[in-house]
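Please view the structure below before reading on.

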Amino acid sequence: MQKLFRWASKWWPGLIPLAVMWGFAAWNNTLPVEADLAARSSAALKDTVLDKTRIAVDGRDVSLAADAFSEEGRRDAVTAVETVPGVRLVDDRTRLVPEAKPFVWNAERDVVRVTLSGSAPLPSMRARLTEAARKEVAGVEVTDQMGLARGAPPRFEAAATLLLDQIGKLKDGKITITDTKVNLSGMARELGGREAIAAALKNLPEGFSIAANDVKAPPYIFQAYKDPVAATVTLTGYVPDKTIHAAIATSAARKFFNEKVVDNLKASIGAPGAFNTAVVAALGALSRLSTGTLVVSDREVKLSGDALYEGAANDIRAGLGKDFPKNWQYKPEITVKPAAGPVDGTVCQQLFSDLLGKGKIRFAAKRADIDPDSAGILDHLIETALRCPATNIEVVGHTDADGEDSFNQALSEKRAQAVIDYLVKAGLPASRFTAVGHGSTQPLAGNDTDEGKAQNRRIEFLVR
């Protein structure tokens, strides 16, 4: 017995390395098996729609954790792993994605980014919506803050995609889907944007409806800048249509006798009522300024600049709003141009001739009523007369040859007197002026064409 004990004490320590070698061999063979089962389990789930999928293998037992988007999808996922050859047991740790009640999705735009938030029903749809937003607002940052949730209404993706098409039309704003109700708010990027969005919303998928559309249009702006150095009047901004565009351009050409009209206007919807009436009246006031800026924003008119003399400044301030439609506001900020130095009679005559060579004092047909479009040239003539206070001036009227000679003679005298009355009303002494009429006896051109007749109908200033 003692010999047996001594013999055993010699061989049992050898079992320790043998056990270690056996364990290492078993572990070394198990690792490839587990890795293979994990790979094949993952492959079995390729056609299932899951989120946050995690697979762990212990021997031939598989632990499956994932968020599923339907009960059917959850069961299909578990079954797919259970049928993988070699799997003995599946530890089901799957769960359903939470359901959103109500199901809310948002797209919000500010100055620097578009933010998508709320819920999306599937990861792939979430990615598609983010890409659609990036495509619509190319160059603008798109932030995805969407979560995943069940409960989306039918045709949700079609509705959200159509609404993302509108986010590019907004300068800022927010679009929200709450179940099947759509809310929009914000400011359109351009004129016509609000109307374009409203038209697009008519194509929402079946079942969706507009709960509120509070998208506002940007201000409808028309601007004119009179630059005496460049001798230009530049028109920018918007007009409602080609007809009004032509009417405004024609009126500007008549009013601004001494400047080239640079027309950069564009047609767009959204003009306030009586837009043409207000703009034409405001251009008339601008034509009386030496330099000035006119801004028409919706129903508000702002006119700033320098009048040629104090009387004109007072007249413009007092009369600016008289020709505007009701409910229009106006803000005149009129100052007076510094008076130019005095000149002698010769220079004064040259200045009168230059002015009347570039523009005309117009009258109503066959009458002595001065056309309001002539206010600009009359103000320049008054400014010149103020520079030569010691001179006397003949205001001479001429007509074309249409009509009887006696009528034309009387008409030319009445028109000359009407001009003097305008000058005296502006503050010049009546004693400096004499009205003279020559009828049609001193034509500048033939009276057989409309152009010739227009040249013959004129007023002259002669310094005496």
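## Aromatic pairs, a helix contact and a disulfide

Tyrosine 238 has a relative accessible area of 28%, so this residue is partly exposed. The structure under discussion is a predicted model. Tyrosine 220, in contrast, counts as buried, because its relative accessibility is 1%.

These two tyrosines belong to the topic of aromatic pairs. Seven such pairs are counted in the model. In general, two aromatic rings are described by the distance of their centres and the angle of their planes. The rings of tyrosine 220 and tyrosine 238 have centres 6.1 Å apart and planes at 50°, so this pair is tilted. The pair links distant parts of the chain, 18 residues apart: tyrosine 220 lies in the loop between β11 (209–216) and β12 (221–227), and tyrosine 238 in strand β13 (residues 232–239). Both tyrosines also take part in one aromatic cluster, which is formed by Tyr220, Phe222, Tyr238 and Phe275.

A further pair consists of phenylalanine 324 and tyrosine 330; with their planes at 75°, the rings are edge-to-face, because an angle over 60 degrees counts as such. Phenylalanine 324 is buried, with a relative accessible area of 9%, whereas tyrosine 330 is partly exposed, at 38%. The table sets out the two pairs.

| Pair | Distance of ring centres | Angle of planes and class |
|---|---|---|
| Tyrosine 220 and tyrosine 238 | 6.1 Å | 50°, tilted |
| Phenylalanine 324 and tyrosine 330 | 6.0 Å | 75°, edge-to-face |

The next topic is the packing of helices. How are helix α5 and helix α6 placed relative to each other? Helix α5 (residues 156–167) packs against helix α6 (residues 193–201) at an angle of about 170°, and their axes are 10 Å apart. The two helices, α5 and α6, are therefore roughly antiparallel, since angles over 145 degrees count as such. On the α5 side, the contact involves Leu162, Leu163 and Gln166, which meet Ala196, Ile197, Ala200 and Leu201 of α6. Of the residues in this contact, six are nonpolar, one is polar and none is charged.

Finally, the model contains one disulfide by count. The disulfide is formed by cysteine 348 and cysteine 388, whose sulfur atoms are 2.1 Å apart. Cysteine 348 is part of helix α10 (residues 345–358), while cysteine 388 lies in the loop between α11 (375–387) and β18 (393–398), so the pair ties together parts that are 40 residues apart in sequence. Both cysteine 348 and cysteine 388 are buried.

How values were computed:
Residues numbered from 1 in each chain as written. Predicted model: local features only at pLDDT ≥ 70, side-chain atom pairs only at ≥ 80, totals over all residues. Heavy atoms only, no water. Axes fitted to C-alpha atoms, helices over the stretch in contact; angles between N-to-C directions. Helix = DSSP H or I, 4+ residues; strand = E, 2+ residues; numbered from the N terminus. Parallel < 35°, antiparallel > 145°, perpendicular 65-115°, else oblique. Contact = heavy atoms within 4.5 Å. Nonpolar A, V, L, I, M, F, W, Y, C, P; charged D, E, K, R; others polar. Phe/Tyr/Trp six-rings, centres within 6.5 Å; stacked < 30°, edge-to-face > 60°. Buried < 20%, exposed > 50% of the residue type's maximum accessible area, 1.4 Å probe, protein only. Disulfide = S-S within 2.5 Å.
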